[in-house]
Amino acid sequence: MCKKGERMKDCACERARRSFVGLHEVVLTDEYCANASEKEYAYLTAVDSDKLLYWFYRNAACTPRAEQGYGGGWESALIGGHTLGHYLTALAQGACNRAFSSKQRAKLQEIACSIVTELRLCQSNAVPAGAHEGFLWGARSLSYPEEQFDNVERGKTDITTQAWVPWYTMHKLLSGLYAVATLCNSQTAKQVLLALSDWVCARVSGWSAQTRKQTLSIEYGGMNDILYAVYALTGEEKYAVAAHAFDEEDLFARIVKGDADYLDGVHANTTIPKILGALNRYAVLHGKELAGERIDAAACLCVAERFFDRVVSAHTYATGGNSEWEHFGKDGVLDKERTNCNCETCNTYNMLKLARLLFAVTGKKQYLDYYENTYYNAILSSQNPRTGMTTYFQPMASGYFKTYSSPENSFWCCTGSGMESMTKLQDSVYYAAQGAVYVSLYLSSVYEGKEIVLAQQADLERSDDVFFEVRGGAAQLFLRIPDWAAETALYVNGERVETTAREGFFCVGVRSGDKLRLTLKKRVTACTLPDGAGVYAFRYGPFLLSAELGTMNMETEYTGVNVTIAKRAAQTKKYRVPYPTAAAFAENIDGAMQRLGNGMFRLVCENGELTYSLHYKQHLQRYGIYMRFAGKGDQA
C-alpha cells in the first residue's frame with residue numbers, strides 16, 4: 001500500500017481496474033439529493049402498475065386487472081410498454097437505495113416483484129396468444145403480438161399504424177427485468193429475462209443481411225448493451241452472439257474514421273446507446289474466448305472514446321447536454337442551434353452511463369469531470385424539486401424556461417429515464433479497485449465498502465472544504481482534482497500533505513481514524529461557444545449559473561408527439577460592459593461578479609444588471625445561460 005504523499009506512479013493501486021460500487025454501499029445524505037429521491041419515491045408509489053401492465057395482459061390473452069391502461073402520453077401509442085421497463089429499473093434501484101427507509105425499500109421491491117410475477121404469467125401464455133415462446137409485449141395491439149417487429153423488418157414504420165421503435169421498447173423491458181433480477185435477487189425476474197432474451201436470440205438468428213440492415217436502420221436503443229450484460233450474467237455465448245447482431249459496424253467505422261460533421265443530422269439518443277453497447281462488448285468480452293475464438297474488442301473502446309470526445313468537444317453545451325430537437329448538427333455549430341428544444345434529457349442520461357464506464361475501463365479523469373458537470377447542471381437540473389416531475393428538453397436559448405412531465409399524461413422517454421436517474425443518484429460518487437477507493441463526486445455521503453468506511457461531508461455551494469473520516473480499515477484513497485479548482489490543498493489529521501498530483505488525482509494512504517480535509521478553491525469562470533462571439537455562460541466551481549429573467553407569460557405548447565415545451569422566449573439584450581472587449585470582461589469575470597450569498601450573484605453592466613443563481617435550482621422562471629456582451633471596443 002502507498003504511504004501518505006507517495007507519488008501515484010509508484011502505486012500498484014494505479015494499475016488496478018476500477019469497478020462500480022453497489023448502490024447499497026453508498027448512503028447519499030446531501031439534502032438536495034435526498035429531496036430528489038423522496039419526490040421520486042412518491043411518484044413511483046403513485047404509479048398504477050396495473051395500468052402499465054394493461055396491454056401486456058391483453059397481448060397475452062389474459063384478463064387485465066385494470067379497466068384500461070394509461071390513456072395520456074406515449075403509453076397509449078405503439079411505443080407503450082417502454083415506461084414499464086424504466087419503472088422496473090427505477091424500482092429495483094430504489095430497493096437498494098439507502099436514502100430510503102427500510103420500509104420504503106421493501107415497498108419498492110414488493111411492487112417490482114409483483115410486476116415480474118404478472119409478466120411471467122403473461123409470458124407463459126405467449127404461444128397460445130399467437131406469439132413465439134418467451135415473448136412479452138406491452139404496446140397497443142395490432143393484428144397479432146409480434147407484428148411491430150415484422151413490420152420493421154418489412155420497412156413498414158409509420159409510428160401510428162405500423163411500428164414505433166419496438167426494439168427500443170424491448171431494450172427498456174429487458175433492462176428493467178435485468179435490474180430486478182440482479183438488484184432484487186429475483187429468480188422470477190431472471191426467468192422472465194432469460195426467456196425473453198432467448199426469444200431475441202431466436203429472432204435475430206434468422207435475419208438475412210438485408211433484414212439486419214433494415215432493422216438496424218430504426219432506433220433500437222441499447223439492445224447490444226443489454227444482451228452483453230445478459231451474457232456476462234449467464235456466461236452463455238448465445239447472448240453475446242445476439243448482442244453482436246445489434247453492433248452497427250458501419251456506424252463504428254465512421255466514428256473511427258472521424259470525418260468532420262459525421263454526426264450532422266444524426267438522431268442523438270438513437271446513437272448514444274449503440275456506443276454504450278460497443279463499450280460493453282469491450283468490457284465483458286475483450287480477451288475472452290467466444291465460440292473458440294479469442295475476442296479482440298479494442299476497436300470498440302476506440303469507438304467509444306472517439307465518439308465521446310467528438311460529442312463533448314463539438315456538440316455539447318455548458319450543462320453537459322447536447323442536441324437540438326433530438327439531433328446533432330454540424331461540428332461546433334452550437335450558438336446557432338440554441339432554441340427551446342435543446343438537450344434532450346435522455347441524451348445526458350446515456351452520456352453519463354457512457355462516461356462512467358469509460359472511466360472504469362480507462363481511469364481517465366476527464367470522464368469524471370464531465371460526469372460531475374452533467375450530474376449537477378443537467379440531471380439534478382431536470383427535476384422540479386417541488387413536484388418530482390422531469391424535463392424532456394432543456395432550452396439553451398435565453399429567455400425560455402423548463403417544462404416538465406405530468407404524473408399520468410406524459411410518459412415520455414425522458415420521464416422513464418428520469419425515474420431511473422433519481423433513484424441512483426449515488427451510483428458514481430465512489431469507485432473501487434483492489435485496495436483502493438476513488439472519490440469522484442464531492443457530495444455528503446457515506447461509503448461502506450470492503451476496504452473502508454468513508455464518511456464525506458461536503459457543501460460546495462457554501463464552502464471550499466470537503467471533510468472525510470475513515471473508519472474500519474485501510475486503503476489507498478484517490479481524490480479527484482476537479483478541472484474547475486483554482487487552488488487545492490489536502491490535510492490529513494490536521495497536517496498538510498505535500499502529495500504530487502498525477503493524472504488528476506491526489507493519492508494518499510488512509511487508515512481507520514484518519515480525518516482529511518480537501519480544499520477546492522472555487523471562482524467564477526466564463527465559457528463560450530465555438531460559433532458565439534461575445535456569448536458567454538458562467539460557472540461557479542462545478543455549478544453553472546443562469547440569469548433570472550422573470551415569470552411573465554410562461555405559456556407552453558406541444559412539439560413532436562405531445563411533448564410540452566416553452567411557447568415563446570422573453571426578449572433579451574446585449575449587455576455593455578466596462579471593459580475594452582467582451583473577451584477581456586470574460587477573463588476578469590470572477591472580479592466582476594458580485595457575491596450576494598446563497599448561490600446568488602449580481603453582474604452590473606453599463607446598460608443594466610443581471611442576477612445570476614445556480615442553474616440546477618432554476619425551476620420556476622425564465623433563464624439565460626448564454627447571454628450576449630460587448631465591450632467598449634466591440635462592434636455594437
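Predicted model: local features only at pLDDT ≥ 70, side-chain atom pairs only at ≥ 80, totals over all residues.
Good morning. A residue is called buried when its relative accessible area is under 20%. On that criterion Ala 229, with a relative accessibility of 12%, counts as buried.

Setting aside residues up to four places away in sequence, Ala 229 touches Tyr 178 and Asn 280. There is also a distance to report for Arg 281: that residue and Ala 229 are separated by 52 residues in sequence, while their C-alpha atoms are 8.9 Å apart in space.

I turn now to helix packing. Two packed helices are described by the angle between their axes and the distance between the axes.

The pair I shall take up now is helix H8, residues 187–205, with helix H11, residues 237–245. Their axes lie 9 Å apart and the packing angle is about 55°. An angle of 65 to 115 degrees would count as roughly perpendicular and one under 35 as roughly parallel, so H8 and H11 are oblique to each other. The crossing of H8 past H11 is left-handed. On the H8 side, the contact is formed by Leu 194, Ser 197, Asp 198, Cys 201 and Val 204; H11 contributes Lys 238, Tyr 239, Ala 242 and Ala 245. Sorted by class, these residues comprise six nonpolar, one polar and two charged.

The next pair is helix H15, residues 345–362, and helix H16, residues 366–379. Here the axes are 9 Å apart and the angle is about 155°. Because angles over 145 degrees count as roughly antiparallel, H15 is roughly antiparallel to H16. H15 also passes H16 in a left-handed crossing. From H15, the residues involved include Met 351, Leu 352, Leu 358 and Phe 359, and those they meet in H16 include Tyr 367, Leu 368, Tyr 370 and Tyr 371.

Let me continue with Ser 398, located in the loop between H16 and helix H17. Is Ser 398 buried or exposed? Its relative accessible area is 12%, so Ser 398 is buried. A polar atom of the Ser 398 side chain lies 2.3 Å from the backbone oxygen of Tyr 626. Not counting residues up to four places away in sequence, Ser 398 touches a set of residues that includes Arg 338, Ala 569, Ala 570 and Thr 572, as well as Tyr 623, Gly 624 and Ile 625.

A buried residue in a strand comes next. Thr 564 is placed in strand E19, residues 563–566. With a relative accessible area of 15%, Thr 564 is buried. Apart from neighbours within four places in sequence, Thr 564 is in contact with Thr 403, Trp 412, Thr 556, Glu 557 and Tyr 558.

I finish with Asp 296, in the loop between strand E4 and helix H14. Exposed means over 50% relative accessible area, so Asp 296, at 63%, counts as exposed. A polar atom of the Asp 296 side chain lies 3.1 Å from the backbone nitrogen of Ala 298. Between Asp 296 and Pro 530 there are 37 Å from C-alpha to C-alpha, and the two are 234 residues apart in sequence.

Thank you for your attention.

How values were computed:
Residues numbered from 1 in each chain as written. Heavy atoms only, no water. Helix = DSSP H or I, 4+ residues; strand = E, 2+ residues; numbered from the N terminus. Buried < 20%, exposed > 50% of the residue type's maximum accessible area, 1.4 Å probe, protein only. Contact = heavy atoms within 4.5 Å. Axes fitted to C-alpha atoms, helices over the stretch in contact; angles between N-to-C directions. Left-handed = near helix turned anticlockwise from the far one by under 90°. Nonpolar A, V, L, I, M, F, W, Y, C, P; charged D, E, K, R; others polar. Polar contact = N/O pair within 3.5 Å; in protein donor to acceptor, adjacent residues only side chain to side chain.
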